[in-house]
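The sequence and structure are shown first, followed by notes grouped by topic.

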Amino acid sequence: MSHKTVNCPNCGAPVEYLWSAAVQTTCPFCKSILVRRDVNVEKVGEVGDLPLDSSPIQIGTEGMFEKKSFTVVGRIMYEYERGGWNEWHIVFNDGTSGWLSDAQAEYAVSFLCPAPGPLPPADQLQPGQTFNWLNHAYAVTVVTYANYRGVEGELPFEYWNKELVGFADLLTTDAHFATIDYSEAQPLLFLGQAIDFLDLRFKNLREFEGWANV
């Protein structure tokens, strides 16, 4: 994974990119949100202190998925009435990237996929409703409306000024996982797999009182 360093246009501190293709990152010193446009890096906003959470994952955590190693380089954080979760942006050793959903000790790895047809609006979905994508039957498990709480690290797109966002989660009987993301004007489809914590073979986890890496 190639690294690149730029100077923050707000405070001048060095900001190292863990992933050369990142569009957005945050300055770890002044918490400015930085977006690359052509050859320039611009400040587009600031991120406040993110709420404390119980996830052991952090920027720089490494893991394995389907025999490919990855590094966590960024995250988007959401909160809703039952708690919160992280969408960690992960970059693989071949330069591709995906997402690691981390919600109350439940994990799934997914990738943005072209939708095979029009995706329904969130208000037309019901639990148990099924869709056939790539030869798998996905059933809607829950539709969630969550508050965007902030970003950290590197993302493959500009994402920093959201408010209430809708998501639909779907599962198959053999642990294939899907999310319909309603954060954009056109819904986005992410397909992947639910996976156990130990199967991800994490390294460089965050340690804190009350949690131990076993």
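**Salt bridges, rings and buried polar residues**

A network of salt bridges joins Asp53, Arg75, Glu152 and Arg206. The model is predicted, and its salt bridges number 10. The count of aromatic pairs comes to 15.

**Salt bridges**

- Glu79 and Arg149 form a salt bridge with an N to O distance of 2.5 Å. Here strand β7, which holds Glu79, is linked to strand β12 (residues 136-153), which holds Arg149, across 70 residues.
- Both of these side chains belong to partly exposed residues: Glu79 has 27% relative accessibility and Arg149 has 36%.
- Lys162 and Glu184 meet in a salt bridge at 3.5 Å, N to O. Because Lys162 lies in the loop between β12 and β13 (164-171) and Glu184 in the loop between β14 (176-181) and β15, the pair ties together parts that are 22 residues apart in sequence.
- Lys162 is partly exposed at 21% relative accessible area, and Glu184 is partly exposed at 36%.

**Aromatic rings and charges over them**

- Phe65 and Phe111 form a tilted aromatic pair, 6.3 Å centre to centre with 40° between the planes. The pair links distant parts of the chain: Phe65 belongs to strand β6 (residues 62-65) and Phe111 to strand β10 (residues 106-113), 46 residues apart.
- Phe65 is buried at 4% relative accessible area, whereas Phe111 is partly exposed at 25%.
- Arg36 lies over the face of Tyr17, 4.6 Å from the ring centre.

**Buried polar residues**

- His89 is located in strand β8 (residues 83-92) and is buried, with 0% relative accessibility.
- A polar atom of the His89 side chain lies 2.9 Å from the backbone oxygen of Glu154. Beyond four places in sequence, His89 touches residues including Trp19, Trp99, Glu154, Leu155 and Pro156.
- The C-alpha atoms of His89 and Pro156 are 8.3 Å apart, although the residues are separated by 67 positions in sequence.
- Thr26 is part of strand β3 (residues 24-26). Its relative accessible area of 11% is under 20%, so Thr26 counts as buried.
- The side chain of Thr26 reaches the backbone nitrogen of Gly153 at 2.9 Å. Among the residues touched by Thr26 are Val15, Val47, Val151 and Glu152, and Glu152 is also part of the salt-bridge network.

**Positive phi angles**

- Most residues other than glycine have a negative phi.
- Glu66 has a positive phi near 50°; Glu66 is in the loop between β6 and β7 (68-80) and is exposed at 56% relative accessibility.
- Gln104 also has a positive phi, of about 50°. Gln104 lies in the loop between β9 (97-103) and β10 and is partly exposed at 46% relative accessibility.

Notes. Residues numbered from 1 in each chain as written. Predicted model: local features only at pLDDT ≥ 70, side-chain atom pairs only at ≥ 80, totals over all residues. Heavy atoms only, no water. Helix = DSSP H or I, 4+ residues; strand = E, 2+ residues; numbered from the N terminus. Buried < 20%, exposed > 50% of the residue type's maximum accessible area, 1.4 Å probe, protein only. Polar contact = N/O pair within 3.5 Å; in protein donor to acceptor, adjacent residues only side chain to side chain. Contact = heavy atoms within 4.5 Å. Phe/Tyr/Trp six-rings, centres within 6.5 Å; stacked < 30°, edge-to-face > 60°. Lys NZ or Arg CZ within 6 Å of the ring centre and 35° of its normal. Salt bridge = Lys/Arg side-chain N within 4 Å of Asp/Glu carboxyl O.
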